[in-house]
Number of protein chains: 2
Amino acid sequence: MASFTEENYLKALYNLSNSHGEVSISDLAHSLAVSMPTANSMVKSLQKSDWVLYEKYKPVTLTPKGQKEAALIVRKHRLTEMFLVKKMGFGWEEVHEVAEQIEHIHAPKFFDRMDEMLGHPTIDPHGSPIPDNQGRMQEFSYTPLSTCKPGQTVQLTALTNSSTEFLEFLNSRKLALGTQLKILSREAYDQSLVVSYESHSQETLSEKVSERLLVRVLE
Amino acid sequence: MASFTEENYLKALYNLSNSHGEVSISDLAHSLAVSMPTANSMVKSLQKSDWVLYEKYKPVTLTPKGQKEAALIVRKHRLTEMFLVKKMGFGWEEVHEVAEQIEHIHAPKFFDRMDEMLGHPTIDPHGSPIPDNQGRMQEFSYTPLSTCKPGQTVQLTALTNSSTEFLEFLNSRKLALGTQLKILSREAYDQSLVVSYESHSQETLSEKVSERLLVRVLE
DNA sequence: CAAATTTGTTAGAATGATCTAACTTATTAC
DNA sequence: GTAATAAGTTAGATCATTCTAACAAATTTG
C-alpha cells in the first residue's frame, strides 16, 4: 500500500502526464515543491514497488497499477469536493484544501456512500471528470472559450484552473458552470472577449480568463 | 503544530489519563502498539514542545496546551462519528476506523459545518461526550449496569467499550442508546443479570456485558 | 527486606522523506 | 558544433519514527 507521500507523488504524476504519459523529474519536483534529488530518489523507490517505469535521464511513466491507484485517489478527491459542495454547503472555491487531505483516507465504504448520496456524479464542482471505481476516466473534449468566435453561444462546462483566486473572480462575475454565454466581440489588441449572459449584458473577459474557461459550443 | 503521530500520542495520553491526569509509559506504549523505548523517546520530544510534563521514571502528564490539543482531536473524532451515523447512514459499529483517520484532518470549517448540521451534539453515537470547541468536556456520572439492583428501571446512555464486536453484540440484542431496561434478577453465581426491554421480555446479560453498559437510573 | 518481576532507560541501528553541494548528461542557442 | 544553460544524478547529511538488546530503577511478593 502506498504511503501518504507516495500517494501524493502518484497523483502528481497522474495530473502532470502529457499525451505520452510522460513526466519529467523537474516538473514532478516543482509540482510537489520538493528538490529534484528528492523527486529522483522517490521515483526510484516507486519503481521498486512497480508504480512507475523509469530509466536514468528519461521521463517517468506510471505503470497500469500506478495509473489505477492515482485515478482512485483523484476519484476520492473529486467525490469529496462534490460532497462538500452539494451536501455540506461549501462554495466551489473552499473545497480544494480539505479534499487534498480527505483523498488519503482509506475507507472504501465512506467514499462509496458519498458517491451514492450524490447519485454517482461524473464531474466535480469545477467540471473535472470523476474516474469510476475502476480508475477509468471519461475524456471530454471541451473547447477553451479563448478559441471561440464572436456570434457563438456557448455553455460554461469546466475550468482548466481551479485556484481559489480564479474561482473567487468567477464568483464576483456570477459565472457558474452551466452559464450560457453569448460572445459579442473580440478585442484584437489583447484578445479579450466581450460576452453577455443572464443579467450581465456586457462583460469583458481577458485572454487569461477566457483560456481557463472550457465551454461546449451550442450554436 | 503536532504531526499525525504526535496527535496520536496526545490522544492516547488524553484517553488513558487517570484521575490525577497521569499515564505510565507502559500503558502509553501498549495503547499505541509501540515499544516502550519508542514511547519513551516520543514523550521526551513532546516535552520539548510543551505538550507534556515528564520526569525520568515518573508518569507522564499533559500540559494545559497538550490537554486542549488532545480534546480537540477527540472532538473531531466524535463529531465525525456522529456525522457518519446521523448524516451518512452508517451503523455505530462501522464508524470508528474512519473517524480515526478523519480526526487528523486540519480544516476547522469542515468540522464546524458538521457540528452545525448535527445541531451541536454533546454526545457521540456511543454516548461519549463531545468536547466543545475550546476543548472543554462535560463530565457525566453514569452508572455501570453491573452495579444496579434487581427491581430498578434504567436507561442505556453510554458504553465504556466501543469495539466492533461489542457493538455487533448489542445490535444482535436490539440494545440501542436510550433503551429502557427493567432489571429482573441477578444470578449470584456469575453476576449475570436478567433484564426486560421493549419486545425482549427476558434477556440475560453477562457481567462482562453489564459492566460495559452505562445507564441512568430512572426509578 | 531481599529476590523476583515489572517498568523504564540508554545505546545503537534502520527506514522514509527530505535537504545541499558537487558533478554529469542533455538540450538550447548562437 | 561548441558553449552556455537546463535537467538529472550521486553522495552525504538531517530529522522523525521506529526497533532490539542490554542495563537500571521501582515495585511486588514471599
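How far is a phosphate oxygen of DNA strand C from an N or O atom in the side chain of Lys44(B)? I looked this pair up and found 2.4 Å.

I note that the model is predicted, with local features needing pLDDT of at least 70, side-chain atom pairs counting only at pLDDT 80 or more, and totals for chains, interfaces and linings using all residues. Residues are numbered from 1 along each chain as its sequence is written, chains are lettered from A and ligands numbered from 1 in the order written, and side-chain values use heavy atoms, without hydrogens and water.

**Entry: DNA strand C**

I counted 21 residues around DNA strand C; Thr38(A), Ser26(B), Asn40(B), Lys44(B) and Tyr54(B) come nearest. A residue is near the strand if one of its heavy atoms lies within 4 Å of it. I looked up two further phosphate pairs: a polar side-chain atom of Thr38(A) lies 2.4 Å from a phosphate oxygen, and a polar backbone atom of Ser26(B) lies 2.6 Å from one.

**Entry: cavity**

I found 1 cavity of 30 Å³ or more. A cavity is a set of points, on a 1 Å grid over the protein atoms alone, where a 1.4 Å probe fits but cannot get out; lining residues have an atom within 4 Å of a point. The largest cavity holds about 70 Å³ of space. Of its 14 lining residues, Phe83(A), Phe110(A), Phe83(B), Phe110(B) and Met114(B) are closest to the centre.

Notes. Polar contact = N/O pair within 3.5 Å; in protein donor to acceptor, adjacent residues only side chain to side chain. 1 Å grid on protein atoms, 1.4 Å probe; cavity = no way out; pocket = protein on both sides within 12 Å on 5 of 7 lines; lining within 4 Å. Points joined across faces, edges and corners; volume = space filled by probe spheres on them.
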